[in-house]
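Please read the report below alongside the sequence and the model.

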Amino acid sequence: MKTYKIYLATLILGLSLNACSEDFLEYEPEGVLSSDNVATPDNAEGLVIAAYAGIGNDEMVGPLTSMWVYGSVRSDDAYKGGGGRGDVGEIDRYEQYNLTIPDQGDFMAPRTWTNFYKAISRANFALQVINDIPDADYPDKAIRQAELRFLRAHSHFILKTIFSKIPYITEDLSQEEIAQVSNEVLDEELWNKISEDFLFAYNNLPPSQEEVGRADKNAAAAYLAKVRLYQAYEQNDQHQVVNINTSRLEEVIQYVDEVIGSLEDDFGNNFLDGFDNGPESIWAVQFSINDGTTVGRVSYVTGLNSPHGTGLYGCCGFHLASQNMVNAFETDDNGLPLLDTFNDSDIFNSVLPDGTSPVAAGLTVDPRLDHTVGIPGRPFKYRNTVNSSGDMVYNFSWARDPGVYGYFGNMKEQQAPDCSCYKKEGPFIGTSKNIDFIRYADVLLWKAEALIQLNRWDEALPIINQVRQRAANSTQRPMDAGATDIYNISTYTSFPSKEYAWKALKFERRLEFAMEGHRFFDLVRWGEAEEVLNDYLAEEKTKRDFLSNAEFTSGRDEYYPIPQREIDFTGGVYKQNPGY
């Protein structure tokens, strides 16, 4: 159990870190301290910690950490779920791709915009203070500056992937200058601004840090690889990929090769309390419980998403696996994925009178399915009971609205109710389990992706196989909990062509990161969102009536609209994304 994290020292400054206006442009931590009288090393340390806290200060309706709405529900991985389409209807509009009006008030994407710029303001305020402290008085000055620029770049990176057109705000700008910063920055320039901050972090951070949660050189190298990978897929103003920059792909490989990490022995370790900050966690937001504070610093960002029809959990049955995604886990006789035909038939698509799903004769699956999806009749979170407090075999009755969304659940973001990391506030569930922004499997597959695009697919083969072999070694937990053994997974013997290797890479990313919020951003990066998602919808509409009018519009739906209030506040300095 975690009883101390570096974020907890935020309160030592006596600062109120609420916005002093509704707009991020005027956001600065309030209180008796200012950049003039707080410029001491001790106070600067507190401001750095406050900047870290800003990264984890998200909520169910303005997420900063889990991208379950933007990257999972918005893709072919998952349905919104909940109590019908009108339950948190804003997410339904995201899922239907009919968010055509940019004025959405202060909910979901607009609130995420605000929350990230609050986090950026914390980093910039701390940088203003630290920049004025003499080097001789503050031995860790360059390290703390590097951490803050890492956090600032992280926030801008996520904003870029969600909104595309964003202003890049730095500590050297006055409030008047900030209000005049345009959000119409060329992609290349914006990516380079983000990478400049990460490069400063890379050049000034130590290889590792004593206090868990602090960014280090390893995390900076990984993030530089990620930025260069996204940057390699050059888009026009209609979000179409028009070129793949090979020099950027070479940089991806360069930085990946500097990242130190390893895969967890068991895939499931990544999603269980007790394995935080392990060898696969390259950088994660830190949470805690029983840390001396009143309620602890637990995460409620997925608080809507626990199974609904059981007294073991609470509310509200959101973020449910799609039939399409479940089908992707089926394997052929050789233990390989059905790259082209996985969705030709449905698996686990019926329910017996006892509330369980029968296993079709001859069906075999990738074991990552039982680490990712709640399926009636199969154990949930590797338990079939919880200290005699209730049955943990997933049941049809756990589904809140099966007539609309089906009955599959999500598992990665859940913890067992008897976990010491678990906290229930009313109907909502929070846990102290960290949320990984980057894990080593991601780093490995970035390199494989770059190698394939550089026509070096033979070199990508052992990397992808490394991830698949770990999956093959991850069957014991579900089987110990009573799951029937229908697992059949193997590694690839060869990639006969670039086309085949490319399909294998994309499929592996989907299986490895299913419902972790990566999928939509991958599709947009590759320039495949319209084709993949409209094909998905065409088939899924025959199974889920609520999607009958959904359609992805290329050139618009790759990114969210710039919040109208931000455009209004700047007097039109900000320009709207196309199509809104």
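## Charged pairs and a helix

At 32% relative accessibility, Glu-539 is classed as partly exposed; buried means under 20% relative accessible area, exposed over 50%, and partly exposed in between (1.4 Å probe, protein chains only). This is a predicted model, in which local features need pLDDT of at least 70, side-chain atom pairs count only at pLDDT 80 or more, and totals for chains, interfaces and linings use all residues. Residues are numbered from 1 along each chain as its sequence is written, and side-chain values use heavy atoms, with hydrogens and water left out.

Glu-539 forms a salt bridge with Lys-543, that is, a side-chain nitrogen of Lys or Arg lies within 4 Å of a carboxyl oxygen of Asp or Glu. Lys-543 is also partly exposed, at 22%.

| Salt bridge | N to O distance |
|---|---|
| Glu-539 and Lys-543 | 3.5 Å |
| Asp-76 and Arg-519 | 2.8 Å |
| Asp-197 and Arg-149 | 2.6 Å |

Asp-197 in helix H7 (residues 187–204) and Arg-149 in helix H5 are 48 residues apart; helices are DSSP runs (H or I, at least four residues) numbered from the N terminus. Asp-197 is buried at 2% relative accessible area, while Arg-149 is partly exposed at 21%.

Of the 23 residues of H5, 20 are buried, so the helix is largely enclosed by the rest of the structure.

Terms used:
Helices (H or I, at least four residues) and strands (E, at least two) are DSSP runs, numbered from the N terminus.
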